Amino acid sequence: MKTSKEIRCSLCGEPAVTRITYAKLWLCKKHFIEFIEKRVLETLNRYKLAGRGQRILAAVSGGKDSITMLYLLHKASMEMGFKVIALHIDLGIGIYSKISRETVEHFCQSLGIPLITLDLKTLIGYSLPELVHKMRRPPCSICGLIKRYLMNVVAQEIKADAVALGHHLDDLMPYIFKNFILQNLFEISKLGPKTESENGLVGRIRPLYEVSEHEIALYAKLSNLPFVYEECPYAGKKKLDKQVKEFLNSLEGLHPGIKISFARAVARNIHVYKALSTTKPLKKCTVCGAPSSDDMCSFCKLTNRVAGKPLGAEVRLKIRDVLSSLGLLE
Ligand code: SF4
Ligand code: ZN
Ligand code: ZN
C-alpha cells in the first residue's frame, strides 16, 4: 500500500496534493490549479457563459465560493477578452459584514478589479438585522429578495451582459435533485449554468457549475485566496437539503463522476424544464419599473411595509450616484 509520501502526480511525478477520482488522476499543486482553471474555461465556453467584449457583473459576498469564482473569472477574462466588475452588498450584519466588505475591497484592489459596494442601510435606511426584526420573515428570504433586486438594478445600469454567481456543483445538484423529488420542475430551469436575460431581468451565469465544494476549498487554499471563514450568522441548512447532499456524495463515492454527468444532463435538458413555466408574463412595477408579476414589485412592497413608502425608484437613483462616482455609468 502506498503512503501519502509516495503518491505522485500522474502528470509530472511531483508529490500529489489530491486525487481527482472521476478523472482517475493524482495531481500536484501546479497541475491541480491548472486542472480547475481549465475546467472553468471549458465551462465558460461549453455553455457560452461569457464572450469577447462582454461586461460581467460578479456578485461577491467575500466567502470562499464567490471569492474563488471572482478570481477564476478574472483570470479567464484576460484570456477570453471580457470585462469583470465586482459587486458587494454590505448587509449590515455586524462584524460579519464588516470583515466581508474589507476582504472583498482588499481582494479587488489587489487584482485591479473595479468594485461596486452597496450599503443596504444607506440605500433603504435599514440593515438586514433591522429588517428581520421589523418584518418577522425568515432572514434569507428577505436577503435573497433584496440581493436579487439590487443585483439586477446594477446590472441594468452598467449594461452588464450577465451576473456571475458563486454557486457550485455541490450547491446546485442537491437543490436540483430536491426540486425533482418535489416535482418543482420549473425551478430546475433556473439552476443551470446560465439563465438568459429576458423581461428586464439580466441573465445569471455560474462559472463554478462543474466544480465541487472540495475542489473550490483546495483551489482557494493552494492559491492563497483571502476569504471570510465565518458563515453568515443567519445561515442554516434544512434537514432535507443536508440529507440530499449527503446522498449525492455517497452516490459519487460509488460512481465517481456521477455528479458532473448529472449536471451536464440537466444543462442539456434545461429547455424542457423551462417550457413547464406556468407563470404569467412579467409586468413593470408602477413605482420603479422593475420586472414584476404584480403592479408593485416585491422590493417596493417590502420597503413600503418597513419604511411607509416604496423605495425602488429612490434606490435606483442612489445606485446611479454610486455608479457615476465610479465612472461605471454608460
Ligand atoms: Fe443572506 Fe441568508 Fe446568505 Fe445570510 S445566509 S447572506 S441572510 S441569504
Ligand atoms: Zn504535476
Ligand atoms: Zn418596484
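Reader: Which helix gives the largest share of the shell around ligand 1?
Author: A residue joins a shell if one of its heavy atoms lies within 4 Å of the molecule. Helices are DSSP runs (H or I, at least four residues), strands likewise (E, at least two), numbered from the N terminus. In this predicted model, helix H6 (residues 139-157) gives the largest share, three residues. The shell includes Cys140, Cys143 and Lys147.

Reader: What ground rules apply?
Author: Local features need pLDDT of at least 70, side-chain atom pairs 80 or more, while totals for chains, interfaces and linings use all residues. Residues count from 1 along each chain as written, chains are lettered from A and ligands numbered from 1 in written order, and side-chain values use heavy atoms, without hydrogens and water.

Reader: Which atoms coordinate the zinc ion (ligand 2)?
Author: Donors are N, O and S atoms within 2.8 Å of the metal (3.2 Å for Na, K and Ca). Here they are Cys9 (SG), Cys12 (SG), Cys28 (SG) and His31 (ND1), at 2.1 to 2.3 Å.

Reader: What is the geometry of that site?
Author: Four donors count as tetrahedral if all angles lie between 85 and 135 degrees. The zinc ion (ligand 2) has angles of 101 to 113° and is tetrahedral. Its donor residues follow C-x2-C-x15-C-x2-H. Cys9 lies before strand E1 (18-20) and Cys28 between strand E2 (25-27) and helix H1 (29-46), so the pair ties together parts 19 residues apart in sequence.

Reader: Is Cys9 buried or exposed?
Author: Buried means under 20% relative accessible area, exposed over 50%, partly exposed in between (1.4 Å probe, protein chains only). Cys9, at 5%, is buried. Cys28, at 5%, is buried too.

Note on methods:
Four donors count as tetrahedral if all angles lie between 85 and 135 degrees; four count as square planar and six as octahedral if opposite donors are over 155 degrees apart and all others between 65 and 115; anything else is irregular.
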